[in-house]
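Welcome! Here is a short tour of a pocket, a sheet and a loop residue.

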Amino acid sequence: MIKKVGNTLINAKHRATCHCGAVELELDLPDGIVDPRRCDCSLCRRKGAIMASVPLSGIKVVKGQEVLKLYQFNTMSAKHYFCSICGIYTHHQRRSVPSLYGYNVACLEGVNPFELGEVRTGDGVNHPADRQE
């Protein structure tokens, strides 16, 4: 649980925006940033974002629902959202845990993700949902 990044306190209700400000989210972060991570799947390698998760009820689109675009690939399970104006990835419904949204930590108001230090990378190339059991 990360309650402070640099000089920015992570509020229980924290605002997140895309680059141009057309999309604004309100995130429920009572425990701060929990389990920030990167992913090495083909999409995440390209977008380079640090993500953390909240329950589906933990994100409210305050502004810009009409400019959010959906991108899906491979199994079409995960739902990746980005601003159609500036192109910034804001959040996604997770493939491995569909009851959670992953959100772009860099979109949190006042947060510089480079101040997080070392961030773990998840194995998206060998995704748990792809394993044949």
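By class, ten nonpolar, six polar and two charged residues make up the lining of the second largest pocket. Here Ala, Val, Leu, Ile, Met, Phe, Trp, Tyr, Cys and Pro count as nonpolar, Asp, Glu, Lys and Arg as charged, and the others, Gly among them, as polar. This is a predicted model, in which local features need pLDDT of at least 70 and side-chain atom pairs count only at pLDDT 80 or more, while totals for chains, interfaces and linings use all residues. Residues are numbered from 1 along each chain as its sequence is written, and side-chain values use heavy atoms, with hydrogens and water left out.

The lining of this pocket consists of 18 residues, and Gly48, Ala49, Asn104, Ala106 and Pro113 lie nearest the centre. Its volume is about 290 Å³. A pocket is an open set of points on a 1 Å grid over the protein atoms alone, where a 1.4 Å probe fits, with protein on both sides within 12 Å along at least five of seven lines; lining residues have an atom within 4 Å of a point. The volume is the space filled by probe spheres set on the points, which are joined across faces, edges and corners.

Now for the sheet. Three strands form an open sheet in the order β3-β4-β7, with antiparallel pairing. β3 (13-17) and β7 (59-63) are at the edges with a single partner strand each, so one side of each has no neighbour in the sheet. The twist from one strand to the next averages 30°, taken between N-to-C directions on a scale from 0 to 180 degrees, with axes fitted to C-alpha atoms. Strands are DSSP runs (E, at least two residues), numbered from the N terminus, and two of them pair if DSSP finds at least two bridges between them.

| Strand pair | Bridges | Direction |
|---|---|---|
| β3 and β4 (residues 24-28) | five | antiparallel |
| β4 and β7 | four | antiparallel |

Leu25 of β4 is the bridge partner of Ala16, and Val61 in β7 is also a bridge partner of Leu25. His14 stands opposite Leu27 in β4. β3 and β4 make a hairpin with six residues between them, where Gly21 in the turn has a positive phi of about 85°.

Finally, where does Arg95 lie? Arg95 is in the loop between β10 (89-93) and β11 (100-104). Arg95 counts as buried because its relative accessibility is 18%, and buried means under 20% relative accessible area with a 1.4 Å probe and protein chains only. The side chains of Arg95 and Thr75 are joined by a polar contact of 3.4 Å. Such a contact is a pair of N or O atoms within 3.5 Å; within protein, one must be able to donate a hydrogen and the other to accept it, and residues adjacent in sequence count only if both atoms are side-chain atoms.

How values were computed:
Buried means under 20% relative accessible area, exposed over 50%, partly exposed in between (1.4 Å probe, protein chains only).
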